[in-house]
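Good morning, colleagues. Please look at the sequence and the structure on the screen while I go through a few selected features.

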Amino acid sequence: WGNVSHNTVLSCKLVFSFDWFRLFSTVLQVIKVYSEDNTSRAVEVPSDITARDICQLFILKNHCIDDHSWTLFEQIPHLSIERTIEDHESVIEVQSGWGMDSHCCLYFRKNYAKYEFFKKPLDFFPEHMVSISSETNGIMNHSQLIQTFLSSSSCPEIHGFLHAKEHGRKSWKKFYFVLRRSGLYFSNKGTSKEPRHLQFIAEFSDSDVYTLLSGKKVYGAPTDYGFCVKASKLNSARDLKLLCADDEQTRTCWVTAMRLFKYGMQLYQNFIQPHQKQKSSPMRSISENSLVAMDFSGHKTRVIENPSEALSVAVEEGLSWRSKNLMILLLSDIRISCSSLAIHVAQPWFHSKLSRDEAQKLITQQGLIDGVFLVRDSQSNPRTFVLSLCHTQKIKHFQIVPVEENGELFYSLDDGHTRFTDLLQLVEFYQLNRGVLPCKLKHHCARITL
């Protein structure tokens, strides 16, 4: 300790003791998280941990690429419903609302659509479903739509027809619904928005919106686009406000609007937080202006001060590097040609023995936005593959046909006009070029094992 005074030592001891006290006073709890292949991992976490913290933990543990799309989901199997747990939500608080025998689960998977409405509001809010308020009946300018949701002074409104399950009955009936900041209402007289015709259904301060996993089978829903409003502490089917849309775009609009009405500005903060961290902590800790060109060709290194000389040296080194590696590449080509037929097997976008229905389910789970895709084996033709791609919230399937010419095998999406030696080359091409597809390949569906 040298010349450190007695008071300083005492101060250090007090701080040290306080840190240990704080560590042991933190309540740790065990949570169990599942992945899409139903593998699971139990982790011990502090009681104040958020959904984003959990995602960051599993991103590190599984060496995933953090593209801000990893999400924690709450799934309630006995009700056949699930929802996105917002990044700021307390995971322990979510669990506290589960019943003792409910068998609720936490799932860790991608959700590319989680914040896409901030980037492309037009894709999420059709013009015919949005207006400023019931008083003015003005049409909302979509360029300012998100700001109206986030502002407490403005009053956007979502309206349209939905199927609703009548309380205590098996039948569903179509009503005209109105969603406002004050809550969800339906009209008991056609499309009238007069206060005397609007009947209150639910508000969102203590409720969450869930999607139905098997709405037709479990609840007799008229379509596959069911969702519901559930109070946080209630876990019975009779407590659900069951609703059903006619198509995916309509359901997405209602669910997204309910999330915005419930959380408002907090959702926007969740969206921009990762990007703010990237700006505040850049990858390089050294200024680009402090870098200099060096010549290592002689016995001693020297700084190259002439910019023209620095450029010519860089070009010369590049050519030298290419000539040295040319032989390595030629030799590796022999090995690659032998394994090119199976190179796709190791790619995260390839899902092998996946059926058409399973592919649609996986893409739906990971976000119905333009460019979400996967490649799988064809179930009808063992020699071909299928590219499953989402565009305008619809999933389309494109057959990848093998083309043989002069003893060589190629793959093509356009009857042989554009050919590729393997599936990896094909995917990389359509990630850069739309070609015959309705959009570029942007987000691959990835499954991990915890």
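I begin with valine 375, whose bridge partner in β17 is leucine 387. The strands concerned are β16, residues 372-377, and β17, residues 385-391, which pair in the antiparallel sense over five bridges. Strands count as paired if DSSP finds at least two bridges between them. Helices (H or I, at least four residues) and strands (E, at least two) are DSSP runs, numbered from the N terminus.

Two remarks on the source: this is a predicted model, in which local features need pLDDT of at least 70 and side-chain atom pairs count only at pLDDT 80 or more, while totals for chains, interfaces and linings use all residues. Residues are numbered from 1 along each chain as its sequence is written, and side-chain values use heavy atoms, with hydrogens and water left out.

Helix α12, residues 423-432, packs on the sheet and touches β16, β17, β18 and β19 (contact means heavy atoms within 4.5 Å). Its direction makes about 160° with that of β16; axes are lines fitted to C-alpha atoms, for helices over the stretch in contact, and angles run from 0 to 180 degrees between N-to-C directions. Helix α11, residues 356-366, lies across β16, β17, β18 and β20, running at about 155° to β16.

What is the order of the five strands in the open sheet? The order is β19-β18-β17-β16-β20, with mixed pairing. Strands β19 (408-412) and β20 (443-444) are the edges, each pairing on one side only.

I turn now to the cores. A nonpolar core is a set of buried Ala, Val, Leu, Ile, Met, Phe, Trp, Tyr and Cys residues joined through side-chain atoms within 4.5 Å; buried means under 20% relative accessible area, exposed over 50%, and partly exposed in between (1.4 Å probe, protein chains only). The largest core has 51 residues, of which Phe125, Ile158, Phe177 and Trp254 touch the most other members. Helix α8, residues 248-263, gives the most to this core, with eight residues. Apart from it lies another core, of 35 residues, including Ile49 and Leu240.

Finally, glutamate 86 is placed in the loop between β4 (81-85) and α3 (91-96). Is this residue buried or exposed? Glutamate 86 is buried, with a relative accessible area of 2%. Leaving aside neighbours within four places in sequence, glutamate 86 is in contact with Ala51, Arg259, Tyr263, Leu267 and Asn270.
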